[in-house]
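The sequence and structure come first.

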Protein chains: 2
Amino acid sequence: MDQQIGSGSLCFSEAPFIVSSASVAGKKESEGPLGSCFDMVGADDKFGQDTWEAAESSLQKEALTLALGKAKCRAEEIRFLFAGDLLGQNIASSFGLKSFEIPLFGLYGACSTCGEALSLAAMCVAAGYADRAAAVTSSHFASAEKQFRFPLEYANQRPVSATWTVTGSGAFVLAGKSLEGELPVKPLARITGVTPGKIVDYGVKDSMNMGAAMAPAACDLIARNLQDFGRKPEDYDRIVTGDLGSVGQEILIRLLKEKGYDISRLHEDCGIRIYDKKAQGTGSGGSGCGCSAVTLSAYYLKLLEKKELRRILFVPTGALLSPISFNEGQSVPGIAHGVVIEACE
Amino acid sequence: MDQQIGSGSLCFSEAPFIVSSASVAGKKESEGPLGSCFDMVGADDKFGQDTWEAAESSLQKEALTLALGKAKCRAEEIRFLFAGDLLGQNIASSFGLKSFEIPLFGLYGACSTCGEALSLAAMCVAAGYADRAAAVTSSHFASAEKQFRFPLEYANQRPVSATWTVTGSGAFVLAGKSLEGELPVKPLARITGVTPGKIVDYGVKDSMNMGAAMAPAACDLIARNLQDFGRKPEDYDRIVTGDLGSVGQEILIRLLKEKGYDISRLHEDCGIRIYDKKAQGTGSGGSGCGCSAVTLSAYYLKLLEKKELRRILFVPTGALLSPISFNEGQSVPGIAHGVVIEACE
C-alpha cells in the first residue's frame, strides 16, 4: 500500500521506474558544461520553425519522440501525458504534443512544472492507473523573454541577479512495477517518493531576482521532505534544486541553516550546473522548466544509472508571476515540488 | 483494485465521495436562470478588489472557504489542491489559494480544467494518496476579455457565435472511502470513473467560435467513454458538456450521430443553462472554467443529491489557444475531460 506520510509526502511501496529520458537543448546550452550530454541540440534556436513558440513546441515533440524511442515503446503504449511550459495557456505543450494523441493533463507550476509532472506521473503509475505514463516540460529563452520581460529586439540590459531561461525540453517515460521484467530496456532509476509543494510568499517583488522569490519555497519543501521521511540531509547524495541560481542558492542554504539543516555540501542547482556563468554571461544561472528537465535527463539520471549516485532529492523551483500580476504590483510567490529518485537495485 | 479500462478511462472500485461543493458567481450570472442556486453572488464583479485578476482570485478563495465550511473540515485536512484558471501563468489560482497553505498542483486545460481537476483529485483520493483533496477552478468575464480578446473599455462588438465568459468559481471537496461513516456531513455524490481527454484539432481558426473548436474533442471524449465503459448514451441520465454553447451543441450532436450515438435527448450544456440567452444577450452561451464548475455545484450536484439524477457524464470542454498562438495564425485545438458522477446509494 502506498503511504501518506507526514505533512503531504507520499512514499511509494511500488516505486515506478524511470524507463527512459531524453533532452533536447538549444545552441547556448550546447556550448555549456553539459553540451556533450544532451541527446539533441539545435544548430540555431528556431528548430526549423517560424516562431519562437513553435520552436518550443518542436522541442517538446522531439524530446518525447526520443524518450519513446529509448524506451522502445510506441505512443499508444503511454496511457497518460503530464506536461507543461511557461507560456500563457501552455501553448508550447498543446501544440507540441497534440500529434501523439495521448490523453493529456496540462500542468502549470512555473519552473517547478518538471517536478509536478514527474510527481503526478509517478503517482498515476504507482496507483496502477497506467502501466506507462510520460512527463514532458520545456522552456525557450526567446519565447520566455517575449512572454515575461521584453522581446529580444529591444536589446534590454539585465541585472546580475537575473537568470537566463534555458532553451530545452526534457521528457521522461515512467513504468509501473507491473511491467518489471517485461521492459525491453533496463530502467534508469526509480521514483520512490514525492513531496508536493505549497505556495510560499515572502513578498519579493523583483521579477529580475527569481532566485530570492523561489528560495523560501525550496526551503519549506526540503524541510518538509526531511521531516516527512524522517531523514537527515546526508541521507541524500545530492539535494538538487531547479533554478535558484547562485543568488538563490545562498539564500536557500542560509534559510535551511536557520531551521537546523546544513545542506551546503550536498546542494546543487541545475541552473548553476547548466552554464559556465563567467564564460557565457548568464547572470545568476539558468532557469525555466526546461532547465531542471534537461539537467535531470542529461546529467543526474546518468549518474543514478551508473550508481555513482544512490539517492537524490530533486526539487524544481517555480516563481509564480505573470506579466499582468507583476505590472499590477503583486509579489512573486514561489513553489517547489520534491521528487525522491533512487538508483535501481 | 482500480481498473484501467479501454483507451484511457479509469473505473474506481473505491469511488471517492464529493463531500461538498460551493459556487460563487458574478452579477450577470445571478440574474440568470441559476441565480438563486449559487452560494454567493457579488454585488458587482470586483469582489472588493482593485483589479479584475484580484477579483478572480477572490472568487477562488471564497469558493474554497465555503466548500470547506460545508464539508465541516479545516484547510489542514485537505491534503492536496488541484486548481486552475484561464489566465496566463494561472495567477488567479496562485494568488487566490496561497493563503490556504495546502500542497497545490496547478493545472491548465482551458475551460476543461474543472474536469481535469476533479479527475486528478478523484484519482488521488481513490488511490489512497489523500483522505481529502479539493478541486477549484474559476473564470472572470473581465479578466478573460482582457487576456484573450480586448479590454472592456474598447467596447468591441461580438459575433453571435461568441460565448460569454462566466464570472464564477466552483470548489469541490472529495473524500476517500476510508472516511466513509466518519464524515461529518452526508456526501453529495460519488465519482465512479474518469476519461481523461486528448487534444483534438479540426483546424478551426476562429477565436470567436469556440463551440466549433471544442465540439470535436467533446465528441471524441464521449465516444471513448461509452466504448471504454461499455455503455449506451441512455446509461447516463444526462451527458453534460461544459461550454459548447448552442453553436457547439449542434455540431456535437451531429458528430456523435455520425459515430452511431444519438445523445440529442440527453445532452445539456452548462454554457446554455447558465444564462437566459435572449434576455441576457450572451451570444452562443456561457464559457470559461468557472462556467462548468458553478453549474455542476449549483445545479447538477443538487439533482444528484436528491437522486433526481442517478448518473451523469460531466464533460468540461476547453479551447487551447492563447493570444499569441491566435495572432501567429495557429488553429484552436480542443480538449475535454470526462467525469462520471453518480448519486450515493
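The model is predicted.

## Interface between the chains

The contact between the chains involves 50 residues of chain A and 50 residues of chain B. On the side of chain A that touches chain B, at least two residues each come from strand 5 (80-84), helix 3 (91-97), strand 6 (104-106), helix 4 (113-126) and helix 11 (323-327) of chain A. Helix 4 of chain A gives the most to this side, with four residues. By residue class, the side of chain A that touches chain B has 26 nonpolar, 15 polar and nine charged residues.

Of the interface residues of chain A, 100% are also interface residues in chain B, so the copies meet through the same surface.

## Domains of chain A

The domain assignment divides chain A into domain 1 (16-179) and domain 2 (191-342). Taken over C-alpha atoms, the centres of domain 1 and domain 2 of chain A are 18 Å apart. Their contact takes 47 residues from domain 1 of chain A and 50 residues from domain 2 of chain A.

On the side of domain 1 of chain A that touches domain 2 of chain A, the elements giving two or more residues are strand 3 (17-25), helix 1 (27-30), helix 4, strand 7 (132-139), helix 5 (141-148), strand 8 (164-165) and strand 9 (168-175) of chain A. Helix 4 of chain A supplies the largest share of this side, eight residues. The residues of this side divide into 22 nonpolar, 19 polar and six charged.

## A helix pair in chain B

Helix 6 (residues 210-229) and helix 7 (residues 245-258) of chain B pack with their axes 8 Å apart, at an angle of about 40 degrees. The two helices of chain B are therefore oblique to each other. Helix 6 of chain B passes helix 7 of chain B in a right-handed crossing.

The residues that helix 6 of chain B brings to the contact include Gly211(B), Met214(B), Pro216(B), Cys219(B) and Ile222(B). Among those they meet in helix 7 of chain B are Gly245(B), Val247(B), Ile251(B) and Leu255(B). The residues of this helix contact comprise 13 nonpolar, three polar and no charged.

Conventions. Residues are numbered from 1 along each chain as its sequence is written. Chains are lettered from A and ligands numbered from 1 in the order in which they are written. This is a predicted model: local features need pLDDT of at least 70, side-chain atom pairs count only at pLDDT 80 or more; totals for chains, interfaces and linings use all residues. Axes are lines fitted to C-alpha atoms, for helices over the stretch in contact, and angles run from 0 to 180 degrees between N-to-C directions. Angles under 35 degrees count as roughly parallel, over 145 as roughly antiparallel, 65 to 115 as roughly perpendicular and the rest as oblique. A crossing is left-handed if the near helix is turned anticlockwise from the far one by less than a right angle, and right-handed if clockwise. Two residues are in contact if their C-beta atoms, placed from the backbone, lie within 7 Å. Ala, Val, Leu, Ile, Met, Phe, Trp, Tyr, Cys and Pro count as nonpolar, Asp, Glu, Lys and Arg as charged, and the others, Gly among them, as polar. Domain bounds come from an automatic or database domain assignment.
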